[in-house]
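Dear colleague,

Please find the structure you asked about below. My notes on what was found in it follow directly after.

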Amino acid sequence: MSESKHKLIHTFGALAELGNEVANKSSFQETIKTSLHLVLGSLGIMRGGVARYSRFNHEFNMVAIRGLGEDFPLSLSLCYEDERQFLANGLEPMEIEQAKVLPFFQVYDKSFERAKLALMVPLVIRDETVGAVFLVQKATGEPYSSYDREIICAMGRHIGVAVAQRNLLAELERRADENRKLYDEMRTTYADTVKAFAAAIDRKDKYTEGHSVRVGKYCEIIAAELGWHVEEVEGAAVAGYLHDVGKLTVERRIINAPYRINAKESAELNKHPGVGYEILMPIHHPYTDVPLAAKYHHERLDGRGYPDGLYDREIPYIAKVVNLADSFDAMTTDRPYKRRRPAGEVFEDLQRNSGKQFAPEIVSALFRGMLQEVSGEVADKKFRRLLGREYMEAENIGSILQGALSGAPTITPINLMSTDN
Ligand SMILES: [Fe+2]
Ligand SMILES: [Fe+2]
């Protein structure tokens, strides 16, 4: 076999290997190292390097380097003129000696001379400079033939594609990261705004201080117990936080009345679900129908609620969750005309009204959440923070809850002793 044929076969082999290397999934660094090794090996070149171009910093950053010396720069800056010329030149190998008119070769003249560089190949892929290959003289000392240049050009294209792919991936990752950050920021802003709003609603009602915030937290616990997705749980909390937003338009005198309000005042107060809906409607709520939760949080399964007297299936599910959380908070906090009720009595009430006012599985979800905390299954003492330590420890809450959940009779000594009913 003639030497040129042998060389041709060898080169084809190297090109095929390079193609494989670029296509397979080994790390970028490894791919470039192997590529450099193949280029050097197939043409009998002892030393060289491959750089990646950063268009943000306008510089070449060496990715693989072999034998160019300790002091060879790892980053090489380009000016506008260099960038323009490299792009126009394309993948054609440039003789370092002849390219000295360009600022790039003047700036790094000393380094290139020390490393004895002979060629530089700008890696231009789809009209974009993505990197460069640096090569010294061939080991034989012969000048590069046009045949050699063609091989370098073909191999440069393969390497360039690998670098371009990598750049594309890095850019995609950067954008995805940016979007993630923006999304997180928006989510935090939304959550903070909702909480600030809930606090504003609660400020208006001095007797039920913290009501909206607590209802939000109960909704969150119930939704999590119901096995909702994390974003739906967040949505349920928002629905709870904002359920009474309509109260902002109700006279403070009625909200804060230290007595049972009369029919007229009651009619005024009962407008708050509808007003809340109007307020929340124009806002986009990503995870749940917050306006509908506000509108129907006083509806009951048996149709005796307000404002529309809806029956069970007509009531949006989130409104049922808020309804239970709302009622639970009303029962477990002091009101101007009524002290809060003991836990056993509250559980009995919720059970008795399961299927009438409350959806039974939502009541069970609340009980389960509470039982998990009482039995020490969960470390986070949410109920204790919301209801106070004595409330959670005063009675035999664990066994009452267990009984309620297993469908056992709910009459307990506490209930029998209770007079407030
Ligand atoms: Fe309400
Ligand atoms: Fe409420």
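In the protein, 62% of the contacts with a separation of 6 or more are between residues 24 or more positions apart; contact here means heavy atoms within 4.5 Å. This is a predicted model, in which local features need pLDDT of at least 70, side-chain atom pairs count only at pLDDT 80 or more, and totals for chains, interfaces and linings use all residues. Residues are numbered from 1 along each chain as its sequence is written, chains are lettered from A and ligands numbered from 1 in the order in which they are written, and side-chain values use heavy atoms, with hydrogens and water left out.

Overall form

The radius of gyration of the protein is 37 Å, whereas a compact globule of 421 residues would have one near 22 Å. That radius is taken over C-alpha atoms, and the globule rule is 2.2 Å times the number of residues to the power 0.38. Along the principal axes, the C-alpha atoms fill a box of roughly 110 × 45 × 40 Å.

The domain assignment gives domain 1 (3-174) and domain 2 (205-405); such bounds come from an automatic or database domain assignment. Taken over C-alpha atoms, the centres of domain 1 and domain 2 are 68 Å apart.

The protein has 19 helices and six strands. These are DSSP runs numbered from the N terminus, with helices being H or I of at least four residues and strands being E of at least two.

Surface and charge

Of the 421 residues, 47% are buried. Buried means under 20% relative accessible area, exposed means over 50%, and partly exposed is in between, with a 1.4 Å probe and protein chains only. The protein exposes about 22,000 Å², and carbon and sulfur atoms supply 53% of that area. Accessible areas come from the Shrake-Rupley method with a 1.4 Å probe, and for residues only the protein chains shown count as cover.

There are 53 positive and 60 negative charges, and their mean positions are 3 Å apart. Lys and Arg count as positive and Asp and Glu as negative, while His and the chain ends are not counted. Each charge is placed at NZ of Lys, CZ of Arg, CG of Asp or CD of Glu.

S54 is in strand β1 and counts as buried because its relative accessibility is 15%. Beyond its neighbours within four places in sequence, S54 is in contact with E59 and N61. S54 and L182 are 128 residues apart along the chain, and their C-alpha atoms are separated by 25 Å.

I125 lies in strand β5 and is also a buried residue, at 8% relative accessibility. With neighbours up to four places away left aside, the contacts of I125 are V130, R157, G160, V161 and A164.

T129 belongs to strand β6 (residues 128-136). Its relative accessibility is 10%, so T129 counts as buried. Residues touching T129, again without those up to four places away, are Y53, F60, F86, L87, L123 and V124.

Backbone points to check by eye

Most residues other than glycine have a negative phi, and most peptide bonds are trans. Which residues go against this?

- H58, not a glycine, has a positive phi of about 55°. H58 is in the loop between β1 (48-54) and β2 (59-66) and is partly exposed at 36% relative accessibility.
- R126 has a positive phi near 45°. R126 sits in the loop between β5 (117-125) and β6 and is exposed, at 71% relative accessibility.
- The peptide bond from Y306 to P307 is cis, with omega near 10°. P307 is in the loop between α12 (290-295) and α13 (317-332).

Two further loop residues

K271 is in the loop between α10 (263-269) and α11 (272-280). At 48% relative accessibility, K271 is partly exposed. K271 and K247 are 24 residues apart along the chain, with 8.3 Å between their C-alpha atoms.

T288 is in the loop between α11 and α12 and counts as buried at 16% relative accessibility. Leaving out residues up to four places away, T288 touches G235, A236, A239 and I318. T288 and K195 are 93 residues apart in sequence and 16 Å apart in space, C-alpha to C-alpha.

Regards
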